[in-house]
Amino acid sequence: MTKFCMTFMLTAVALAASAERVKATFTIVDDWGAPVTNASLKILTPKNAFTLSWNGPIPHSEHNTKTDEKGCATCSFASPQRRFTLYVDAAGFYPEERGDIFFGKANELNVPILMRKIVKPVEMAKTKLVRTPYPSDEGTFYFDLEKGDWVLPGRKGVVADLGVEYSYRDSEGRTESRAKITFLSGGAYKRKKIDSSSFKSEYRANTNEVYEATFLHSLSFDTQGRSNRILNRALAEDEYLVFRTRVVRNKNGKIISANYGKIYGRIDAFRHFGYTCCFFNPIPNDTGLEEMEAYKIYKSRQSSTKR
């Protein structure tokens, strides 16, 4: 009986361990669909089925592999929590990270990864998580995209890139907020963020694109909670704006000078003006949108790999 119980327990443990294993196949390509060869992949997965982070660092198992000439790599590993985090590095490409990739009940998983080539990084002025209250509940206010602040005495703003016409009303249990965001000299166009953890935009601003001058943001909801909130965002979480501003034209109307940049969504305009992140290229007529910040992360990762 004891021998039978021992056999049963060993079999159960073996089956459980087998059920926890996953075979992941990774396909790494660049923007043009070409395979990224010799890319290094690091896979981290929690060692235990249950972990409590307040007891200290969560123990992880690490697995490493590289892509072949087709940009493919395969790795089999145990994952008691059926999830893992992936880091990908390759010479000449921005690093990629994917956190908490779940594979559920599946024992095989295909993971496609896009890697962005390093082409021509530009040192840009960056402002992040701006949440600047409006000077008052109503009026037109002016905003400097390079400085990330209002153009007002005592504030950082110097050049008025945007005019934000804002109104806010509370009446009979309903709140209404409206913002008309206008590029005073130039305009912008929208794009969907590219699926990358390092560099989410196109490389350069398209000078032939249609640049819209005005973007509207409106909000209306019942303060008593009796109806759904209605929200129209100027820029959603998964979008970004490519802008052209500080435009100078010759007598024939041709642009002879302009500054370019990008704003990552979302844009907020309810009681304050804000956006997730803005990069402003200070070099006139340089359409580059490839921020130096992403390149510095690449250099740091390369240095740590060599140590």
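Me: Let's take one spot first: which residue stands opposite Ile255 in E17?
Reply: Arg249 stands opposite Ile255 in E17, and eight bridges join E16 to E17, which run antiparallel. Please keep in mind that this is a predicted model, in which local features need pLDDT of at least 70, side-chain atom pairs count only at pLDDT 80 or more, and totals for chains, interfaces and linings use all residues. Residues are numbered from 1 along each chain as its sequence is written, and side-chain values use heavy atoms, with hydrogens and water left out.

Me: OK, and how many helices and strands are there in the chain?
Reply: The chain has two helices and 18 strands, where helices (H or I, at least four residues) and strands (E, at least two) are DSSP runs numbered from the N terminus.

Me: Back to E16 and E17, what order do the strands of their sheet have?
Reply: The order is E8-E18-E17-E16-E13, an open sheet of five strands with antiparallel pairing; two strands pair if DSSP finds at least two bridges between them. Strand E8 (125-133) and strand E13 (187-192) are at the edges and have a single partner strand each, so one side of each is left without a neighbour in the sheet. Neighbouring strands of this sheet are turned by 25 degrees against each other on average, direction ignored, with the axes being lines fitted to C-alpha atoms (for helices over the stretch in contact) and angles running from 0 to 180 degrees between N-to-C directions.

Me: Which strands make up the open sheet of three?
Reply: That sheet has the order E4-E1-E7, and its pairing is mixed. Strand E4 (72-78) and strand E7 (108-114) each have a single partner strand and stand at the edges, so one side of each is left without a neighbour in the sheet. Strand E1 (residues 21-29) is joined to E4 by seven bridges, and these two run antiparallel. Phe26 stands opposite Ala73 in E4.

Me: What does strand E2 pair with?
Reply: Strand E2 (residues 40-46) runs antiparallel to strand E3 (residues 60-66), with seven bridges joining them, and Lys42 has Asn64 in E3 as its bridge partner. E2 also pairs with strand E5 (residues 83-89) in the antiparallel sense over five bridges, where the bridge partner of Leu44 is Thr85 in E5.

Me: You mentioned Lys42, so which ring does Lys42 lie over?
Reply: Lys42 lies over the face of Tyr87, at 5.2 Å from the ring centre, where the rule is that NZ of Lys or CZ of Arg is within 6 Å of the ring centre and within 35 degrees of the ring normal. Arg244 lies over the face of Tyr211, at 3.9 Å from the ring centre.

Me: Switching to rings, how many aromatic pairs are there in the whole structure?
Reply: The search finds 21 aromatic pairs. One of them is Phe77 with Phe84, which is edge-to-face at 5.3 Å centre to centre and 85 degrees between the planes. Phe143 and Trp150 have ring centres 5.3 Å apart and planes at 85 degrees, so this pair is edge-to-face. The rule takes rings of Phe, Tyr and Trp (its six-membered ring) as paired if their centres lie within 6.5 Å, and planes under 30 degrees apart count as stacked, over 60 as edge-to-face and the rest as tilted.

Me: Are Phe143 and Trp150 buried or exposed?
Reply: Phe143 and Trp150 are both buried, which is defined as under 20% relative accessible area, with exposed over 50% and partly exposed in between (1.4 Å probe, protein chains only).

Me: Which residues touch the most other members in the largest nonpolar core?
Reply: Among its 26 residues, these are Tyr134, Leu145, Ile263, Ile267 and Phe273. Several strands each supply at least two residues of this core, including strand E9 (138-144) and strand E11 (162-171). Apart from this core lies another, of 22 residues, among them Phe26, Ile43, Cys75 and Phe93. A nonpolar core here is a set of buried Ala, Val, Leu, Ile, Met, Phe, Trp, Tyr and Cys residues joined through side-chain atoms within 4.5 Å.

Me: Last one, why does Ala90 count as buried?
Reply: Ala90 has 4% relative accessibility, so this residue counts as buried. Its place is in the loop between E5 and strand E6 (96-102). Leaving aside neighbours within four places in sequence, Ala90 is in contact (heavy atoms within 4.5 Å) with Val36, Ala39, Met115, Tyr298 and Gln302. Ala90 and Tyr298 are 208 residues apart in sequence and 9.3 Å apart in space, C-alpha to C-alpha.
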